[in-house]
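We will go from stop to stop, with something to select at each one.

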Amino acid sequence: MSTFDLKDRTAISGVGDTEYGRPLNRSAIDLAAEAFGNACDDAGISTRDVDGLIMSVGSPLGVDCDSLAQMLGLDLRMYSQTWTHGRFTATCIQQAAMYVAAGFADTVACMAALGSSGVQAGLNPRPFNTDPFAAAAARDEAAREGGGGHGQDPVYGIDTTDVGAALVARVYFDRYGATSEQLAAVSIATRRHAAMNSGAMNREPLSLDDYMQSPLLATPLREPDYSLVAEGAACVIVTSTERARDMRKTPVLISGMQPLPVGREEFIWTYPGFGVAQQERRAYGEKLQPVYKMAGVDHSAIDALFTYDVYSIITWMALERWGFCKPGEAADFTQGGRIEIDGELPINSHGGLLSEAHMFGWNAQVEIIRQMRGECGERQLENTEMMQWANAYGDSLIYRR
């Protein structure tokens, strides 16, 4: 079986989430159970119909599959989970699609959940944390891989992820003459989208003046360039397309998949050839990515783009990696409302990680499905036939109505 045999064979048949906020003072397992139940209800199935479970972000920051299955009384044919990182959203959904297509499971729930102790210890370490497991995870994350996959390096007293993103932004500014005023367009767009989303954590208006007057946190990144660390949970249910057609809601098909790459030329905050960290600087030529080949389209067919905008600069990197514009052109591409809801290529219509919540991109999957079913009210996009989840670090999903 080739990857093309998987095109449109599986679908998202249900989605569910919880409120997002900080602090919610709820455990990860409590939040996971709510999102899971909401997704099952959305699909019109019983929780007992689920025979597969894939967790993104297990313990100590989130919740382990086996623990959740026991708490919910599930009887699973398969389960899997990733480690304490948010970059595996598409990986989990792709894995579920392959399990379903291979006949190892009929209905697979894919999700992430983060409760109060996980946020405090793992994503934002605090001295008063009393959870030794989560505190250890935070220490290990800073020191792993001889300096950290995000570009942080404790040898130099830097153990936060933003320094790698700031390095990319600084190089991009210097190389292409981009400015903070241009980068502001990304944060302003997502904030405008969040203003139409009652579930977003930050719905306050953001003007260019507001942006330029905000504090610099890691030059040239300012406070609005950072995502919102959140507590909450989100879940999507993957089934065969045939089975999904008998469920409550119109299915959204998984038409294209592209796995997460890794290697010396990959750096999480940018694309190969950019020339930071271990990368060589070289031309990043235009080519049709495998996800487009599998779906039988190119990027011109995409009605809306969703990406892991943990920092605003990463949106520029994603646009260039996936061919929506050439290297050095993203700064201009994002101006004039082009990436806003009424623009040529809406990006993160829910507000993204920057303005709705940092739920590891799972909230974006929920938004995509609701958008393609016409359920987004004031922020509903028109004529949406195909949407893409695509990241600066090389993984992608293409969904089709």
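Predicted model: local features only at pLDDT ≥ 70, side-chain atom pairs only at ≥ 80, totals over all residues.

Residues are numbered from 1 along each chain as its sequence is written, and side-chain values use heavy atoms, with hydrogens and water left out.

**Stop 1: helix α11**

Select residues 312-321, which make up helix α11. Helices here are DSSP runs of H or I with at least four residues, numbered from the N terminus. Is this one enclosed or open? Of its 10 residues, 10 are buried, so α11 is largely enclosed by the rest of the structure. Buried means under 20% relative accessible area, with exposed over 50% and partly exposed in between, using a 1.4 Å probe and protein chains only. Among the buried residues are W316, E320 and R321. Now step past the helix to G323, which follows α11 and has a positive phi, near 85°.

**Stop 2: the aromatic rings**

Aromatic pairs are rings of Phe, Tyr and Trp (its six-membered ring) with centres within 6.5 Å; planes under 30 degrees apart count as stacked, over 60 as edge-to-face and the rest as tilted. The structure has 10 such pairs. F173 and W316 form a tilted one, 6.4 Å centre to centre with 40° between the planes. Because F173 lies in helix α6 (residues 162-176) and W316 in helix α11, this pair ties together parts that are 143 residues apart in sequence. Both F173 and W316 are buried.

Next, select Y271 and F274. Their ring centres are 5.7 Å apart and their planes stand at 85°, so this pair is edge-to-face. Y271 and F274 are buried too.

Then show R175. Its charged end sits over the ring of F274, 4.8 Å from the centre; the rule asks for NZ of Lys or CZ of Arg within 6 Å of the ring centre and within 35 degrees of the ring normal.

**Stop 3: C40 and C235**

Finally, select C40 and C235. How far is the sulfur of C40 from the closest cysteine sulfur? The distance is 6.6 Å, to C235, which is too far for a bond. A disulfide needs two cysteine sulfur atoms within 2.5 Å, and the whole structure has 0 of them. C40 counts as buried at 1% relative accessibility, and C235 is also buried, at 1%.

Note on methods:
Helix = DSSP H or I, 4+ residues; strand = E, 2+ residues; numbered from the N terminus.
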